[in-house]
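The sequence and the model are shown first.

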Amino acid sequence: MKSNEIIKVVFIVDGLNLFHSVVNTLGLQNSLIDIEKLCKTIILKNEEIKSIDYFTSYFKGDSHTAILQRKLIRKNSNSKIINLNFGLLRPRSIICKYCFN
């Protein structure tokens, strides 16, 4: 490979984990991140983003968190290199391993 050759990079993003990580680290008010801009800060000088495959599911309901998550998806849906892939959240029970509630 030549040293000046551009390498195409594909990002595969777990949208739900990214959203929760940003919320837990930076707070809910900072959850509307620009996914393309974030990925551009990660690539090297000889790399170019081919695509960003963003996998997520919509939060149910109209909670503040659900509304912000939908805004995040809408904000990033305008990018030509982001491919949004939607799945379904499966209901699950979370049981505390200490008190069994």
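The count of salt bridges comes to three, a salt bridge being a side-chain nitrogen of Lys or Arg within 4 Å of a carboxyl oxygen of Asp or Glu. The structure is a predicted model, in which local features need pLDDT of at least 70, side-chain atom pairs count only at pLDDT 80 or more, and totals for chains, interfaces and linings use all residues. Residues are numbered from 1 along each chain as its sequence is written, and side-chain values use heavy atoms, with hydrogens and water left out.

## Salt bridges

| Salt bridge | Closest N and O atoms |
|---|---|
| Glutamate 36 and lysine 40 | 3.1 Å |
| Aspartate 62 and arginine 70 | 3.6 Å |

Helices (H or I, at least four residues) and strands (E, at least two) are DSSP runs, numbered from the N terminus. Lysine 8 is exposed, at 53% relative accessible area, while glutamate 48 is partly exposed, at 35%. In these terms, buried means under 20% relative accessible area, exposed over 50%, and partly exposed in between (1.4 Å probe, protein chains only).

Glutamate 36 and lysine 40 are four residues apart in helix 2 (residues 35-42), and are therefore separated by about one helical turn. Lysine 40 has a relative accessibility of 48% and counts as partly exposed. Aspartate 62, which is paired with arginine 70, is exposed with a relative accessible area of 65%.

## Aromatic pairs

Two aromatic pairs are found in a search of the whole structure. Rings of Phe, Tyr and Trp (its six-membered ring) pair if their centres lie within 6.5 Å; planes under 30 degrees apart count as stacked, over 60 as edge-to-face and the rest as tilted. Phenylalanine 19 and phenylalanine 59 have ring centres 5.5 Å apart and planes at 70 degrees, so they form an edge-to-face pair. Because phenylalanine 19 lies in helix 1 (residues 15-26) and phenylalanine 59 in the loop between strand 2 (47-56) and helix 3 (64-76), the pair ties together parts that are 40 residues apart in sequence. Both phenylalanine 19 and phenylalanine 59 are buried.

The other pair is stacked, because the rings of tyrosine 58 and phenylalanine 86 have centres 4.9 Å apart and planes at 15 degrees. Tyrosine 58 is in the loop between strand 2 and helix 3, and phenylalanine 86 is in strand 3 (residues 82-86), so that distant parts of the chain, 28 residues apart, are linked. Tyrosine 58 is partly exposed at 43% relative accessible area, and phenylalanine 86 is partly exposed at 42%.

An open sheet is formed by three strands in the order 1-2-3, with parallel pairing; two strands pair if DSSP finds at least two bridges between them. Strand 1 and strand 3 stand at the edges with a single partner strand each, so one side of each has no neighbour in the sheet. Strand 2 is joined to strand 3 by five bridges. Aspartate 53 has asparagine 83, in strand 3, as its bridge partner.
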